[in-house]
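The stops below go from ring to ring, then to backbone geometry, a helix residue and a cavity.

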Amino acid sequence: MARASNSGILSVAKAAAALRLDRRQAALKLAGFVRRGWLVRARRGLYLLLPLEAEPGNPSVAEDPWILAREAFAPCYIGGWSAAEHWGLTEQLFRSTLVVTGASVRAKTAQLLGHEFRLFRVPRSRIDGAVLVWRGSERVAVSDRERTIVDGLRQPALCGGLRHVAQMMSAYGEAKERDFDKLIATAKKHGSGAAWKRLGYLAEVLWPDETRLAEAARRRMTKGNARLDPAIKRPGRLLRRWGILVNVTVSGDEPKARA
């Protein structure tokens, strides 16, 4: 079973294959191992193998929450503030791991094996496009820099709010890995009307000399108005050229173009 597991995380299906049992028999076998203190149940159908030196009764923590998330919430990728931390787009530390998942999850948060997860459910069609990164001997899907920013522009709550998205974009603009053409291409594939409006506005604020982003956003504007930060209920000031209700301040500098 240890060989069949991923960094100690074992599903009923993998246990069944390793033990050459059907799923029901494997589930009963795993339940017995839990009673003996050899496994810890993470959630339905998912277990953590304990090391032989583990003391019975002590709380057990999975070593890597990213691998645990991959096994528990598939199909999924690590995104939002967790991806921003990974790529160096933020210095802010978040207690929970953010998971974008296409699984049928009902709760927005989950506690598994000593780790806290923040879950954002999306259609399975929106799970594609993540990159694989090594976590020890395992590979886990994570949104790249551009996808992380576009996801944040589409749903600012993924990154802890619009102000934090703006900070991430500022860090991205200063990074040697920045690629504005790739950012535009990613927005074309994974963005939304509101995301383009926020991108155009923030590009004017953060990168007034970089006109490609604002021009691309202007060509893809949709009708209607969108709040700069949808989590902030106050309507804010309407900036008509972007169809944006500016309800949060993201910089001391306002765009130079007229409203």
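Start with the aromatic side chains: a search of the whole structure finds 4 aromatic pairs. Rings of Phe, Tyr and Trp (its six-membered ring) pair if their centres lie within 6.5 Å; planes under 30 degrees apart count as stacked, over 60 as edge-to-face and the rest as tilted.

This is a predicted model, in which local features need pLDDT of at least 70 and side-chain atom pairs count only at pLDDT 80 or more, while totals for chains, interfaces and linings use all residues. Residues are numbered from 1 along each chain as its sequence is written, and side-chain values use heavy atoms, with hydrogens and water left out.

**Aromatic rings**

Select Phe 73 and Phe 117. Their ring centres are 5.5 Å apart and the planes meet at 65°, so this pair is edge-to-face. The pair links distant parts of the chain, 44 residues apart: Phe 73 is in the loop between α3 (65-72) and β4 (76-78), and Phe 117 is in strand β7 (residues 115-121). Helices (H or I, at least four residues) and strands (E, at least two) are DSSP runs, numbered from the N terminus. Both Phe 73 and Phe 117 are buried; buried means under 20% relative accessible area, exposed over 50%, and partly exposed in between (1.4 Å probe, protein chains only).

Next, select Trp 81 and Phe 94. This aromatic pair is stacked, with 4.8 Å from centre to centre and 10° between the planes. It too links distant parts of the chain: Trp 81 belongs to helix α4 and Phe 94 to the loop between α4 and β5 (97-101), 13 residues apart. Trp 81 counts as buried because its relative accessibility is 8%, whereas Phe 94, at 21%, counts as partly exposed.

For a group of three, select Tyr 172, Phe 180 and Trp 207, which form one aromatic cluster.

**Charges over rings**

Show Arg 135 with Trp 66. Arg 135 lies over the face of Trp 66, at 3.9 Å from the ring centre. A charge sits over a ring if NZ of Lys or CZ of Arg is within 6 Å of the ring centre and within 35 degrees of the ring normal. Then show Arg 139 with Trp 134: the charged end of Arg 139 sits over that ring, 5.5 Å from its centre.

**Backbone geometry**

Go to Ala 74 and Pro 75, which are joined by a cis peptide bond with omega of about -5°. Pro 75 is in the loop between α3 and β4, the loop that holds Phe 73.

Which residues other than glycine have a positive phi? One is Arg 20, with phi near 60°, in the loop between α1 (12-19) and α2 (23-35). Another is Leu 113, with phi near 50°, in the loop between β6 (109-112) and β7. Arg 20 counts as exposed because its relative accessibility is 79%; Leu 113 is buried, with a relative accessible area of 9%.

**A residue in helix α4**

Select Ser 82, found in helix α4 (residues 80-87). Its relative accessibility is 5%, so Ser 82 counts as buried. What does Ser 82 touch, not counting residues up to four places away in sequence? The partners are Trp 66, Ser 96, Thr 97 and Leu 98, where contact means heavy atoms within 4.5 Å.

**The cavity**

A search of the whole structure finds 1 cavity of 30 Å³ or more, and the largest cavity has a volume of about 30 Å³. On a 1 Å grid over the protein atoms alone, a cavity is a set of points where a 1.4 Å probe fits but cannot get out, and lining residues have an atom within 4 Å of a point. Grid points are joined across faces, edges and corners, and a volume is the space filled by probe spheres set on the points.

To see the lining, select Val 150, Leu 153, Ala 187, Gly 191, Ser 192, Ala 195, Trp 196 and Leu 199. Helices α5 (145-154) and α8 (193-206) each supply at least two lining residues, and the largest share, 3 residues, comes from α8. By class the lining has 6 nonpolar, 2 polar and no charged residues. Ala, Val, Leu, Ile, Met, Phe, Trp, Tyr, Cys and Pro count as nonpolar, Asp, Glu, Lys and Arg as charged, and the others, Gly among them, as polar.

**Zooming out**

Finally, show the protein chain as a whole, with its 9 helices and 12 strands. Its C-alpha trace spans about 70 × 35 × 30 Å along the principal axes. Of the 259 residues in the chain, 49% are buried.

Methods. 1 Å grid on protein atoms, 1.4 Å probe; cavity = no way out; pocket = protein on both sides within 12 Å on 5 of 7 lines; lining within 4 Å.
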